[in-house]
Amino acid sequence: MVYKFQFGHPFFTDAVILEKNIDNLQLLTNLKYQTINDEIVFEYPLNNNQIVYGLGETMRGINKYGHRYVFYNTDNGNHVDCMESLYGAHNFIIFDNQKEGYFFDTPGKIIFDIGKANKNKAIITSNNNLYLYKITGESTKDIINQFLEIIGPSYIPPLWAFGFGQSRWGYKNQKDIDEVIKGYQDNNLPLDYICMDIDYMDRYIDFTIDENKFPNFKNYVEQIKNKGIRLVPIIDAGIKIEPGNVTYEEGIKNDYFCHNEKGEFFKAAVWPGLTHLPDFSQIEVQKWFGNKYQ
């Protein structure tokens, strides 16, 4: 069973595709809550044998009990167990002992303290504008299946993407890529794809190729593909602020970038320098940016 609750005035994230009416907050029996300033603090009872699943793309093991996770994403390559934040925010959690799952539908900062501050409580702190989904079921698998129903089917990658891949930052040119491929071949190791970081770009600008490092990139990609290996180039979300940069000029002209509280285009420091960030809450921007991959 899926229940939907509303707190404040939520930002519509498009995360849930299945329309559902708002339920009475009294149905939140196990998950207690109180509003403190501009935040909502939820509390859920735990015991020492608690198994808590979810919160994907975080450090430590599958059972999240005993740790604290902060979904306020950070680009920190030093992945150690004490880290509280990583690249992604997956606000879905399952309390296995009680056969209940919760999805906190908000793009804002949210903190999951799963029995760290208090071993008998999960304390979840969020902004006070969100949709909350409670999912009950006969098993963990049942809860997950219901969750997948409300968020819609996942993108299924091509078969080769499930194979053996090599990925790192620092491949400076075609020679580096060729050496990696040769190393795999010389050691009789399988290789289905190579992920390229930002080095292939012209000054780290999205949708560009450094012609000095990759003189004929299209032909090179075909050569590698003929060997049964795919090249996967990274794309960042930051668009360099630079006249003459086609993507930048199109975004300015069509008002495709995020604004700050003053109504000006928000500026962020990313790899190419100062950038604007596409406003992916707009369907038109999603299509525009996605078509750039061609």
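On a 1 Å grid over the protein atoms alone, a cavity is a set of points where a 1.4 Å probe fits but cannot get out; a pocket is an open set with protein on both sides within 12 Å along at least five of seven lines; lining residues have an atom within 4 Å of a point. This is a predicted model, in which local features need pLDDT of at least 70, side-chain atom pairs count only at pLDDT 80 or more, and totals for chains, interfaces and linings use all residues. Residues are numbered from 1 along each chain as its sequence is written, and side-chain values use heavy atoms, with hydrogens and water left out.

**Stop 1: the cavity**

Select Thr58, Met59, Arg60, Tyr69, Met83, Glu84, Ser85 and Leu86. These residues line the largest cavity. A search of the whole structure finds one cavity of 30 Å³ or more. About 30 Å³ of space lies in the largest cavity; a volume is the space filled by probe spheres set on the points, and grid points are joined across faces, edges and corners. Colour the lining by class: four residues are nonpolar, two polar and two charged. Here Ala, Val, Leu, Ile, Met, Phe, Trp, Tyr, Cys and Pro count as nonpolar, Asp, Glu, Lys and Arg as charged, and the others, Gly among them, as polar.

**Stop 2: the largest pocket**

Next, the largest pocket, which holds about 1700 Å³ of space. Select Asn73, Tyr87, Gly88, Ala89 and Pro107, the closest to its centre of the 48 residues that line the pocket. Then show β4, β6 (92-95), β7 (100-105), α1 (140-151) and β15 (268-270); each supplies at least two residues of this lining. Helices (H or I, at least four residues) and strands (E, at least two) are DSSP runs, numbered from the N terminus. By class, the lining of the largest pocket has 28 nonpolar, 13 polar and seven charged residues.

**Stop 3: the second largest pocket**

About 750 Å³ of space lies in the second largest pocket. Centre the view on Phe217, Leu231, Pro233, Tyr293 and Gln294, the closest to its centre of the 23 lining residues. Two or more lining residues come from each of α3 (217-226) and β13 (230-233). Which element gives the most to this lining? Helix α3 does, with five residues. The lining of the second largest pocket divides into 16 nonpolar, two polar and five charged residues.

**Stop 4: the open sheet**

Switch to a cartoon view. Five strands form an open sheet in the order β2-β3-β9-β8-β5, with antiparallel pairing. β2 and β5 stand at the edges with a single partner strand each, so one side of each is left without a neighbour in the sheet. Neighbouring strands of this sheet are turned by 15 degrees against each other on average, direction ignored; axes are lines fitted to C-alpha atoms, and angles run from 0 to 180 degrees between N-to-C directions.

Zoom in on β8 (residues 110-114) and β9 (residues 121-127). Five bridges join these antiparallel strands; two strands pair if DSSP finds at least two bridges between them. Pick Ile114, which stands opposite Ala122 in β9.

**Stop 5: two loop residues**

Select Asp14, in the loop between β1 (2-7) and β2 (32-36). Asp14 has a positive phi of about 75 degrees although it is not a glycine. Is Asp14 buried, exposed or partly exposed? Asp14 counts as partly exposed because its relative accessibility is 39%. Buried means under 20% relative accessible area, exposed over 50%, partly exposed in between (1.4 Å probe, protein chains only).

Finish at Leu55, in the loop between β4 (52-54) and β5 (67-71). Leu55 is not a glycine either, and has a positive phi of about 55 degrees. Leu55 is buried, with a relative accessible area of 1%.
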